[in-house]
Structures are given as structure tokens and as C-alpha cells.
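Q: I have a structure open and want to learn to read its features. Can we go through them one at a time?

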Amino acid sequence: MNIVSFFNHKGGVGKTTLVFNIGLALARKGHRVLFVDLDPQTNLSSVALSDDTLESAVSSATTIRDCLQPLVERSGDVIAVDPIKIRDTAWVLPGHIQLSQFEEIAPTGWTEAVAGNPGGFRTSTAVYRLVTRIASSIAADYVLMDLGPNVGSLNRTAILASSGFVIPLAPDLFSLTALESVGSSVSLWIPEWEAAISALQRRAIDFSFDLPIGKPAPLGYISQQFTVYRQEPAAAYRRWNSKIPRKYEDGIVKPLKSVGSHVPSGSYSLGEVRNLSSLVPIAQQTNKAVFELSGVEARGAQHTRAKDTYELFSGLATDIATRVNEVMDA
Ligand SMILES: Nc1ncnc2c1ncn2[C@@H]1O[C@H](COP(=O)(O)OP(=O)(O)OP(=O)(O)O)[C@@H](O)[C@H]1O
Ligand SMILES: [Mg+2]
């Protein structure tokens, strides 16, 4: 099973939209896909599930917050729940606004783990252990995790649980600046995790948890063209666009290689996503991928445009799957 996170410290760059459309394209190819909403904003859950379904997940305590709550309350370990089936081969573990409470215990857990204290591993591996357990229960081939736009301790746990991560970005100043923060954070977390495991081994404690490898690979970036400022001259946009490969190399590839992360072969860019304008909100309201919209939901030329996006999202899905399989075999 491969766990892929969509991660960028910069907000609003299309992470959630990409996770959902790429994941449903993977599912349409017959792969078994589990979506995990790790962003307390819960946008992925709202996009994937009807209001009623999400409300009943909250009232029946089957969101990711409820799975992690025993750790937050220090009353026990993670609880695996049944994810919600949304397609023949796609499921969702819904998010919750109070997932943010996990941030209150994660930093202490991390400090304890780095010191080799087994209690700290319970928290620091919580996302990995929960997600692998739920994914196994549905025999998932791929887990796609949507992360919130920050380099906080919940995301650290999620990124170290991942086999690889995809960076959605936009051609603008802060999106490119964010690459440095993402690269420096992840390249700090990897050796800290190694140190934690060494400390644990030195103490020769018999440990029953599965530990993630903790060496997520940067699988590439996806550049969003939709945030191109309509009023700005095309030249400004081209200027930022041309800087992306270099910034990605310096900000992500070099620091991650230096800590032993495997960088898959191929271009750093996985692809570009154009402005799909009103098709995106229509798809969100109907809990569908853009390419799933019917001729009633998107009419005429819009419907053709919507269906044509399958080629884009399925190409991205194939490339991400190929790359994550390559790094897992490495
Ligand atoms: N290809 C696209 N064309 C047009 N609009 C888009 C496209 N992709 C995303 N959007 C819109 O841009 C906004 C941000 O997208 P999205 O929520 O996917 O970004 P995000 O990176 O997940 O944001 P956050 O950091 O807040 O989680 C949303 O309003 C979404 O509807
Ligand atoms: Mg989002």
C-alpha cells in the first residue's frame, strides 16, 4: 500500500481539488483508493461527501478526529473505523474541525519519541498506524491524504507516514517561497525520526507498533494556472513559472536528497492544471470529480470540457502511481 500526501505550506494552491480529482481518476482505473482528510478545514470531506453523510459521520463519531481522540484524552490508542464508500473502489475517512486538538499532544509526543521514549511513538506514529489499519481493511492500493497548509506537528506525523508527497503550487512569489519552508521542514523531520528510532533501538525496548520508514519522497510538483492574476501581465506569470524548476531543485530536491530521500526519475513537474473556472464549484456541490459531471450539471461545451479533464487527472494519477511505486521499490 502506498501513502501519498498532497502538501504545501502555502494555502489555496489546489491541494484538495487535486487530491479528489486525481484519486477518483485512480479509482476509475480500478485501483482501490482511500482518501484521508487531514486538514481541520475539512474541505476534502465537504467535496467528497454530501452534507447529510458528513453530519452523520460526525454524530456517529467516525471521523479521523474520533479515531485519534483517545490519544488526545490520554485514555487509549487509535481506534480504526469503517471509512465511507463513495465509489466502487473509493472510500473516505472524513475530517473534523477538532482534529486540530491533535496538535496539542503531537509536539510533546515528538519530543518524547526523539528521546527514545516509547510513549512518544504512540502519538508520533498515530496517523500511520490508523491509516494503514483502515487501508488494510478495504485492501486499498493507494491512500491519498489531504493536508492543511502548514508545517505543524500533525503534518509532520502525516508526512513521515507517507511514502511520498506531491506539491501543488502556483506561479507566484509566496508559493515558490513556500517550497523552501516545505523542504527545510521535511529535511529536518527525516533525520529527527531516524534519531528517534536509533534511540529506541539503543534502549532495546520490545516494541509492538509498526513504525513508518519516515523517508517520504518528493514525487514532483503540479503547477496551478488558475491563480494567475487576471489583471497581471502574462510576463509576470511567465517569470514565476520559469523559476519553478530551479526553486524546486534548490528548495526540495537538494535538501531531501541530502537526508537520504529517494527522488524519483523524470521531470520535477508532474503537470499543469489550467483554470477550470465554474466547473470546479459545480463538481464540489455535486460531490463529483470534474470529469464525472453529467450533461445536466455542465451543459454543452462546458460538459465536453469537463469530460476532457479525465485525460489530465488520469495522466497525473498514473505518473504519481508510477513514481511512488518506484520509490517504494528503491
Ligand atoms: N483548476 C482549477 N480551476 C479553477 N479553480 C480552482 C481550480 N482548482 C482549485 N480551484 C479553486 O481554488 C480554490 C482553492 O483550491 P483548493 O481548495 O483545492 O486549494 P487548497 O490548496 O486545498 O487550499 P487550502 O490550502 O485552503 O487547503 C478553491 O476555491 C477551488 O474551488
Ligand atoms: Mg485544501
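Q: Which residues touch the most other members of the largest nonpolar core?
A: First the idea. A nonpolar core is a set of buried Ala, Val, Leu, Ile, Met, Phe, Trp, Tyr and Cys residues joined through side-chain atoms within 4.5 Å. Buried means under 20% relative accessible area, exposed over 50%, and partly exposed in between, with a 1.4 Å probe and protein chains only. Now the case. The largest core here has 61 residues, and Leu38, Phe102 and Met145 touch the most other members. Helix α9, residues 173-202, gives the most to this core, with 10 residues. Apart from it lies another core of 48 residues, among them Val47, Phe291, Ala298 and Ala321.

Q: What kind of model is this, and how are its parts numbered?
A: This is a predicted model, where local features need pLDDT of at least 70, side-chain atom pairs count only at pLDDT 80 or more, and totals for chains, interfaces and linings use all residues. Residues are numbered from 1 along each chain as its sequence is written, chains are lettered from A and ligands numbered from 1 in the order in which they are written, and side-chain values use heavy atoms, with hydrogens and water left out.

Q: Which residues is methionine 145 in contact with?
A: Contact means heavy atoms within 4.5 Å. Leave aside neighbours within four places in sequence. Methionine 145 then contacts Ile3, Val4, Ser5, Phe6, Val19, Val36, Leu38, Val127, Val131, Ala158 and Ser162.

Q: Is serine 162 buried or exposed?
A: Serine 162 counts as buried because its relative accessibility is 5%. It lies in the loop between α8 (153-161) and β6 (164-169). Not counting residues up to four places away in sequence, serine 162 touches Ile3, Ser5, Met145 and Pro216.

Q: How far is a polar side-chain atom of serine 162 from the backbone oxygen of alanine 158?
A: The idea is a polar contact: a pair of N or O atoms within 3.5 Å. Within protein, one must be able to donate a hydrogen and the other to accept it, and residues adjacent in sequence count only if both atoms are side-chain atoms. For serine 162 and alanine 158, the distance is 2.7 Å.

Q: Which residues are closest to ligand 1?
A: A residue is near a molecule or strand if one of its heavy atoms lies within 4 Å of it. Ligand 1 is surrounded by 18 residues, and the closest are Gly12, Lys15, Thr16, Thr17 and Leu276. The largest share of this shell, three residues, comes from α1.

Q: Where is threonine 89, and what does its side chain reach?
A: Threonine 89 sits in the loop between β3 (84-87) and β4 (90-93). It counts as buried because its relative accessible area is 16%. Its side chain reaches the backbone oxygen of alanine 27 at 3.0 Å. A polar atom of that side chain also lies 3.1 Å from the backbone oxygen of histidine 31.

Technical notes
Helices (H or I, at least four residues) and strands (E, at least two) are DSSP runs, numbered from the N terminus.
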